[in-house]
Every structure is written in C-alpha cells, then in structure tokens.
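Please view the sequence and the model below, then read the notes, which are grouped by topic.

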Amino acid sequence: EQSDGTWRCERCSVNHPEPLHRYILTISVVDETGQMWLNLFNEQGEALLGCDAKKLLEMKEASDENLLKNYLTEKVLFREYAFRVRARLDSYQGVDRARFQAVSLSSINPSTESDALIEQLDKLEV
C-alpha cells in the first residue's frame, strides 16, 4: 500500500485504487489411504471455498466474529471432493521432499460415483 492509499504492482509499475486479493492456500486432505498437504491457488481456492478472496476477507473483517467460522464450517470443512494433483520433488538444504499442488477439484456426486463403481465391478465378473 502506498502513502496516497493506492496499491502498487511492482511487476507492472502501476498504482491501483484497491488490491486484487487472490488465494494461496495450504490444506490438509484426508482419505482412507492417509493424509497429505496440498497447495491451492486462486482458481482452486475459489472452487473449494465458494467465493472470491475479497469476499472471504470481508467476512474475516466483519463485526460478527463468527461469520467466517460459520461459513467455513457449513460450506467447506469435511466435504468430499475429487482432486487432480500434481507432484513435484523439491530439494531444500540437500533434503528431497515431495510437494503437491491441486490442479483441479470437483464435488463428488455419490450417485455418479456409485454408478461408476458398479460398472467397474460388472467388468470384473467372470
């Protein structure tokens, strides 16, 4: 933020009247095989949280302290999603470790998923 109340983009050297808030999230994902940490960027963050970063920031800064907590509890936490994940091996101080990024995500439709599983089981019959 600049002294005149504008926001400066260092990349393009332009001042803007307000910032463009974007998501960079690290989330824990759990299924029956275990747990992993995923990085999500703006597009995937909006798909997961159901709103843009500016709206979520407004909820956080609202006078109602429980607004953000209630929103996340009702709309986000403990929901089932199908993630498409990209893995990358990083090396830090000589130690290799895997980093995972969500490329896309979609809500799971139990009816569609069960139909797909039935189709796979039908193919296994002898």
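In this predicted model, the side chain of Thr6 makes a polar contact with the side chain of Asn15, at 3.4 Å. A polar contact also links the side chain of Thr6 with that of Asp4, at 2.7 Å.

- Thr6 lies in the segment before strand E1, which covers residues 7-9.
- Thr6 has 19% relative accessibility and therefore counts as buried, the cut-off being under 20%.
- When neighbours within four places in sequence are left aside, Thr6 is in contact with Glu1, Asn15 and His16.

**Strands E5 and E6**
- Strand E5 (residues 81-92) and strand E6 (residues 95-107) run antiparallel and are joined by 12 bridges.
- The two strands E5 and E6 form a hairpin, with two residues between them.
- Gln93, in the turn of this hairpin, has a positive phi of about 50 degrees.
- Tyr92 stands opposite Val95, a residue of E6.

**Helices H2 and H3**
- Helix H2 (residues 53-61) packs with helix H3 (residues 67-75) at an angle of about 130 degrees, and their axes are 7 Å apart.
- H2 and H3 are therefore oblique to each other.
- On the H2 side, Leu56, Met59 and Lys60 meet Leu67, Leu68 and Tyr71 of H3.
- Classed by residue type, this contact of H2 with H3 has five nonpolar residues, one charged residue and no polar residues.

Notes
Residues numbered from 1 in each chain as written. Predicted model: local features only at pLDDT ≥ 70, side-chain atom pairs only at ≥ 80, totals over all residues. Heavy atoms only, no water. Helix = DSSP H or I, 4+ residues; strand = E, 2+ residues; numbered from the N terminus. Buried < 20%, exposed > 50% of the residue type's maximum accessible area, 1.4 Å probe, protein only. Polar contact = N/O pair within 3.5 Å; in protein donor to acceptor, adjacent residues only side chain to side chain. Contact = heavy atoms within 4.5 Å. Pairing = 2+ DSSP bridges. Axes fitted to C-alpha atoms, helices over the stretch in contact; angles between N-to-C directions. Parallel < 35°, antiparallel > 145°, perpendicular 65-115°, else oblique. Nonpolar A, V, L, I, M, F, W, Y, C, P; charged D, E, K, R; others polar.
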